[in-house]
Amino acid sequence: MARNAIATVHLDAIRHNYRLAKAQAPGAKAAAIVKANAYGHGAVAVARALANEADAFGVACIEEAIELRDAGVTRPIMLLEGFFHADELPLIDQLGLWTVIHNDEQLKALVAFAPRFTHSLSVWIKLDTGMHRLGFAPERARDLVRQIRALPKIDDVVVMTHFARSDEPEQAQTPEQIRRFRAAIEGLAVPVSLCNSAGVMAWPNAHGQWLRPGMMLYGATPFMSHNAVADELQAGMTLTSELIAVRDVAAGEAVGYGATFRCEAPRRIGTVAMGYGDGYPRHAKNGTPVLVNGQRAPLAGRVSMDMLTVDLTHLPQAKVGDTVTFWGPDLPAAEVAPWCDTIPYTLVTCLTPRVKRVYQG
Ligand SMILES: *Cc1c(COP(=O)(O)O)cnc(C)c1O
C-alpha cells in the first residue's frame with residue numbers, strides 16, 4: 001500500500017457553497033474563482049462540477065484558462081488580471097475568453113487588436129478604489145466605458161473593483177471603497193462587480209450584478225469573527241494521512257528537529273506521513289490540532305519534510321495505520337490557520353502534487 005497522504009475534494013460541498021454564494025444576491029451572477037488550481041482543489045474537477053451552473057469562471061492567467069478549455073470547459077472564463085502581454089490576444093479570441101483590463105498598456109493593446117476579434121467578449125474595467133494594486137483611477141470610469149463599448153465585438157462592459165479589507169466588517173475602508181466606486185459610475189448604466197467571498201457574505205449593499213466568490217466555494221471562512229453565512233459553508237476538502245509509527249518517549253526527552261517539544265512527563269508520540277513536502281506548513285506551532293480517528297490531538301515537535309509528530313498520550317488506542325485528519329468538515333482549515341500564522345487560503349492552495357487528490361460527489 002502506497003503512502004496515504006490524500007486530499008479528498010468534496011465536489012457536492014463546492015456546489016452547495018456556490019449556490020450559497022448566489023443565494024446571497026438573487027438575480028446576480030457569480031464567476032466561480034478557480035485560479036491557482038482552484039485553491040489547490042483541482043481546477044478541472046471543480047470547473048466540471050460547476051459546469052452546469054457557474055455563470056463564468058475566474059482564473060489568474062491564460063495558462064489556467066487553456067487548461068480548462070483543453071478539459072472541455074465551455075463556460076465563459078475571465079482573466080482576472082487580464083493579459084500580461086499583447087501577444088496573448090489572438091489566443092484570448094480563439095478560446096473565447098473574457099478579460100479584465102486594469103492599465104493603459106492593456107487598454108492600448110486591446111484597442112489595437114479589437115478589429116481582429118472574431119468572437120464577442122466581455123471586458124471588465126478594473127478601478128483602483130483603495131487597494132492600490134491594480135486598476136485605473138476611478139474618475140476615468142466614464143471615458144473608459146465609452147471607449148470600450150465603441151469597440152467591435154464587445155458584448156458587455158463590466159466595471160469592477162477589489163476590496164482590501166472586506167473580511168473585517170467593522171473597518172471603514174470597505175464603505176469608503178464602495179463610496180468611491182459609486183461616485184465613479186454614477187449615472188452610468190453598467191453592470192458592476194465588487195465582491196470577493198467576504199464581500200458576498202458581509203457587504204450586501206455592494207453585491208451588484210457579478211459576484212466573484214473564491215475561498216467560500218472551498219468552504220473556509222475568510223473572517224476571524226463570526227459570520228452567519230459562513231456558518232452554512234461546507235468544507236471542500238479533507239486532508240488526511242496515516243500514523244506510520246507510535247512510540248513512548250521518556251520525560252526529559254525532546255521530539256524532532258531543533259528539539260522544540262520537550263516531554264515534561266512520559267509521552268506517547270505518533271509519527272504521521274505528512275510534512276512540508278506535502279504543503280503542510282513547517283511553521284505550524286506545537287499544539288496545532290489534528291484529528292486522530294476523529295479525536296483531537298496536538299502537534300508535538302517541528303514539522304519535517306515528509307513527517308510530523310503528534311502527542312497521543314491521551315489516545316492509548318491509537319496505532320499504526322490509523323487515520324489522521326489535518327482539516328476537513330470536523331476541523332475547519334480556518335481554525336488550523338492561526339496556529340500556522342496564516343489564513344485558510346494558503347493551507348489548501350499550497351498543497352503539493354505529492355498529495356493525491358480524490359474526488360467525491
Ligand atoms: C482571487 C480573487 C477573488 C476571490 O477572492 P476570495 O477572497 O477567495 O473570494 C475575487 N476577485 C479577484 C479579482 C480575485 O483576484
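Predicted model: local features only at pLDDT ≥ 70, side-chain atom pairs only at ≥ 80, totals over all residues.
Now for the chain as a whole. Its C-alpha trace spans about 75 × 45 × 35 Å along the principal axes. Of the 361 residues, 55% are buried. If you look at contacts with a separation of 6 or more, 66% of them come from residues 24 or more positions apart. On the charge side, the chain carries 35 positive and 36 negative side chains, and the centres of these two sets sit 1 Å apart.

| Property of the chain | Value |
|---|---|
| Span of the C-alpha trace | about 75 × 45 × 35 Å |
| Buried share of the 361 residues | 55% |
| Distance between the two charge centres | 1 Å |

Let's zoom in on one residue, Arg-247. You'll find Arg-247 in strand S10, which covers residues 237-249. Is Arg-247 buried, exposed or partly exposed? Arg-247 counts as partly exposed because its relative accessible area is 44%, and that class lies between the 20% and 50% cut-offs.

As for neighbours, leaving out residues up to four places away in sequence, Arg-247 touches Arg-267, Arg-268 and Ile-269. Take Ile-269 from that list: Ile-269 is 22 residues from Arg-247 along the chain, yet their C-alpha atoms are separated by 5.4 Å.

Note on methods: Residues numbered from 1 in each chain as written. Heavy atoms only, no water. Helix = DSSP H or I, 4+ residues; strand = E, 2+ residues; numbered from the N terminus. Buried < 20%, exposed > 50% of the residue type's maximum accessible area, 1.4 Å probe, protein only. Contact = heavy atoms within 4.5 Å. Lys, Arg positive; Asp, Glu negative; His and termini not counted. Charge placed at Lys NZ, Arg CZ, Asp CG, Glu CD.
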